[in-house]
Amino acid sequence: MPESEYPNGDYFPGRCLYPVYLSVYLRKCSVPETKERLKKAAASLEIADQLSKFPRQLSGGQRQRAACARALITEPALILADEPTGALDSGNSRSLMQTFIFMNQSLGSTILMVTHDAVVGSYASRVLFLKDGRIWNELHRGDRTRQAMYHEILNTMAVLGGEADVR
């Protein structure tokens, strides 16, 4: 959409995040509030310097963080995340997971995430393991540290991946 056709004739900063901005606008948030939310989301996901670019000009990781911003800016009750760190380096993965923790603790958002990465899973308060389409096991963080949770996930994955009937 050309800038001249944006709602209210207002310039929406951030071509890569235009769908984000539009989703908040359609919820009837004020322009200043929308701009503030966009600024916070872009800063927390380290893409503030990419706002003037089109999606095709972004790396896979930057596009993935822009997708997360679309979830973050609307402050949803539920976030469905399918391998959210798949295209991210370790630093950006950590930043994204910390953003999810903030959203869960501060905004009350529930994050339902699919991952094969034990490090990413170690951020969760509850981990379900699936085998053959059924819940096979469940871990609750409780008072465990992230490191302890990580090791528990690895131990469970080792048992899950093993075949008891191998001869």
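The model is predicted, so local features need pLDDT of at least 70 and side-chain atom pairs count only at pLDDT 80 or more, while totals for chains, interfaces and linings use all residues. Residues are numbered from 1 along each chain as its sequence is written, and side-chain values use heavy atoms, with hydrogens and water left out.

**Helix packing**

- Helix H3 (residues 60-73) and helix H4 (residues 90-107) pack at an angle of about 5°, their axes 12 Å apart, and are therefore roughly parallel to each other (angles under 35 degrees).
- In contact (heavy atoms within 4.5 Å), Arg65, Cys68, Ala71 and Leu72 of H3 meet Asn92, Leu96, Thr99, Phe100 and Met103 of H4.

**Salt bridges**

- The count comes to 3 salt bridges, each being a side-chain nitrogen of Lys or Arg within 4 Å of a carboxyl oxygen of Asp or Glu.
- Glu33, Arg37 and Glu75 are linked in a network, with closest N and O atoms 2.9 Å apart for Arg37 and Glu33 and 3.8 Å apart for Arg37 and Glu75.
- Arg37 and Glu33 both lie in helix H2 (residues 31-44), 4 residues apart, whereas Arg37 and Glu75, the latter in the loop between H3 and strand E1 (78-82), are 38 residues apart.
- Arg37 counts as buried at 17% relative accessibility, whereas Glu75 is partly exposed at 42% (buried is under 20% relative accessible area, exposed over 50%, partly exposed in between, with a 1.4 Å probe and protein chains only).
- Glu138 and Arg126 meet in a salt bridge at 2.6 Å, N to O, and the pair joins strand E4 (residues 134-140) to strand E3 (residues 126-131).

Notes. Axes are lines fitted to C-alpha atoms, for helices over the stretch in contact, and angles run from 0 to 180 degrees between N-to-C directions. Helices (H or I, at least four residues) and strands (E, at least two) are DSSP runs, numbered from the N terminus. Angles under 35 degrees count as roughly parallel, over 145 as roughly antiparallel, 65 to 115 as roughly perpendicular and the rest as oblique.
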